[in-house]
Structure formats: structure tokens, C-alpha cells
Amino acid sequence: IAKGKIMKIRYYQGISGIRWLGFILAMAGVYILSGANTEVQWIGWSISCMSCSIWLYAGIKDQDIPRALMEFAYLCLALRGVYNWIQISG
């Protein structure tokens, strides 16, 4: 921050509860995926898709394009994970 400038701290109204849900889902998805049980990986990837969708929405709502793009990229990869799991097990 430049000297003499005041940094604004955003207070997000209306979507703070959904942010906590996104965080909890992200932690649950990572926990399942890091367990190395291949039979339930699809659940971890599916939870990750839900979490990314929430964070993508929050990024768009906040007009934070870099974060929204990062979440969109991870969402695409999570969908790829679900698809690959279905292909291997099917």
C-alpha cells in the first residue's frame, strides 16, 4: 500500500454463510481425496465440484476475476476427475 493510502476492507453481506459452506466442502473434499481410497474418490471430486462452484460464484459476485478464473479452472479439473473415475470404474 502506498504511503498515505487507506486500504479498504470489504465486508461481504449476504454470502458469508455460503462462503463457510464452500470452505467446509473444500476441506471435506480434500480429506476424502487424500485418503487414497480409490473407491470413494468420486465422492471427493464431486464435493470439490460443489465447493468450487460456490467459490466461483463468490469470486464473480466480488468482481474478483483472478480468483473466479482460478476456481473455474479447478472446477474443470474436478469435473475431469469425476469423469475419469466413471470411465475407469464403468
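Are D62 and R67 buried or exposed? Both D62 and R67 are buried, where buried means under 20% relative accessible area, exposed means over 50%, and partly exposed lies in between (1.4 Å probe, protein chains only). Before we go further, a word on the model: it is predicted, so local features need pLDDT of at least 70, side-chain atom pairs count only at pLDDT 80 or more, and totals for chains, interfaces and linings use all residues. Residues are numbered from 1 along each chain as its sequence is written, and side-chain values use heavy atoms, with hydrogens and water left out.

Let's stay with that pair and look at the charges. D62 and R67 form a salt bridge, with their closest N and O atoms 2.6 Å apart; the term stands for a side-chain nitrogen of Lys or Arg within 4 Å of a carboxyl oxygen of Asp or Glu. By this rule the count comes to three salt bridges. D62 also forms one with R19, and here the closest N and O atoms are 2.7 Å apart. This pair links distant parts of the chain, since R19 sits in helix α1 and D62 in the loop between α2 (41-61) and α3 (65-89), 43 residues apart. Helices here are DSSP runs (H or I, at least four residues), numbered from the N terminus. Put together, R19, D62, D64 and R67 are linked in a network of salt bridges.

How covered are the members of this network? D62 has a relative accessible area of 9% and is therefore buried. R19 is buried as well, at 12%, and R67 counts as buried because its value is 19%. D64, at 26%, is partly exposed.

Now follow helix α1, which spans residues 16-33 and holds A28. A28 is partly exposed, with a relative accessible area of 30%. Its C-alpha atom is separated by 8.2 Å from that of S48, a residue 20 positions away along the chain.

I24 is found in helix α1 too, and with a relative accessible area of 52% I24 is exposed.

Terms used. Helix = DSSP H or I, 4+ residues; strand = E, 2+ residues; numbered from the N terminus.
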